[in-house]
Amino acid sequence: MTQTIFVPEIVNMPAVYTSIDRDGMTLASVFLIDWAFEMFDSGDLVEVIEVRDLHVKPSERGNGFLRSLMDYSLNNYADRPIMLRVESFDHGMPTSDLIAWYQRLGFEFDCPFMDGDDWLWRRPVGEASNL
């Protein structure tokens, strides 16, 4: 299920919520936000997708649901930069494993849109140089 939602109490931007559901229960979900950033060096406005929330029900881990949701999201926004903040929780993957998982999906360090070592980004398909 995919739906575009507007949740002003979370963010005043268009957002997309995609989930994998079974028998009325959400097994895994991803929440994406559509941002626009002005690049300091050029002044260009760049539309960027942020992966804000990625969740899988603990009993469903290892079934490939998050990979399917990420593949779906990355394919739908392949022409745009995608960024995310690496956040590992006590009940989830260790941070180093999570970073390695994101890197296998094409994410890299040095996100040009956010400060901090915990932000990764994926270049648009075909983009070889930095934005």
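Me: What does Arg80 touch, leaving aside its neighbours within four places in sequence?
Reply: Arg80 is in contact with Asp34, Trp35, Glu47, Val48, Ile49, Arg122 and Pro124 once neighbours within four places in sequence are set aside; contact means heavy atoms within 4.5 Å. This is a predicted model, in which local features need pLDDT of at least 70 and side-chain atom pairs count only at pLDDT 80 or more, while totals for chains, interfaces and linings use all residues. Residues are numbered from 1 along each chain as its sequence is written, and side-chain values use heavy atoms, with hydrogens and water left out.

Me: Why is Arg80 called buried?
Reply: Buried means under 20% relative accessible area, exposed means over 50%, and partly exposed is what falls in between (1.4 Å probe, protein chains only). Arg80 has 13% relative accessibility, so it counts as buried. Arg80 sits in the loop between helix 1 and strand 5. Over the whole chain of 131 residues, 38% count as buried.

Me: What makes strand 2 and strand 3 a pair?
Reply: DSSP must find at least two bridges between two strands for them to pair. Strand 2 (residues 15–22) and strand 3 (residues 25–38) have eight, in the antiparallel sense.

Me: Where is Asp110, and what is its phi?
Reply: Asp110 has its place in the loop between helix 2 and strand 6 (119–122). Its phi is positive, about 65 degrees, although Asp110 is not a glycine. At 69% relative accessibility, Asp110 counts as exposed.

Me: Why is one space called a cavity and another a pocket?
Reply: The search uses a 1 Å grid over the protein atoms alone. A cavity is a set of points where a 1.4 Å probe fits but cannot get out, whereas a pocket is an open set with protein on both sides within 12 Å along at least five of seven lines. Lining residues have an atom within 4 Å of a point. Grid points are joined across faces, edges and corners, and a volume is the space filled by probe spheres set on the points. The whole structure holds one cavity of 30 Å³ or more.

Me: Which residues line the largest cavity, and what is its volume?
Reply: The largest cavity has a volume of about 30 Å³. Leu32, Ile49, Val51, Met70, Ser73, Leu74, Tyr77 and Ile82 line it. Strand 4 and helix 1 (65–76) are the elements that give two or more residues to this lining, and helix 1 has the largest share, with three.

Me: What makes a residue in that lining nonpolar?
Reply: Ala, Val, Leu, Ile, Met, Phe, Trp, Tyr, Cys and Pro count as nonpolar, Asp, Glu, Lys and Arg as charged, and the others, Gly among them, as polar.

Me: What is the volume of the largest pocket, and which residues are closest to its centre?
Reply: The volume of the largest pocket is about 720 Å³. Of its 27 lining residues, Leu54, His55, Val56, Leu66 and Leu98 are the closest to the centre. Strand 4 supplies the largest share of the lining, seven residues. The lining divides into twelve nonpolar, seven polar and eight charged residues.

Me: Which residues does Leu66 touch beyond four places in sequence?
Reply: Leu66 lies in helix 1 and touches Ala28, Ser29, Leu54, His55, Val56 and Trp101. Leu66 and His55 are eleven residues apart in sequence, with 7.5 Å between their C-alpha atoms.

How values were computed. Helices (H or I, at least four residues) and strands (E, at least two) are DSSP runs, numbered from the N terminus.
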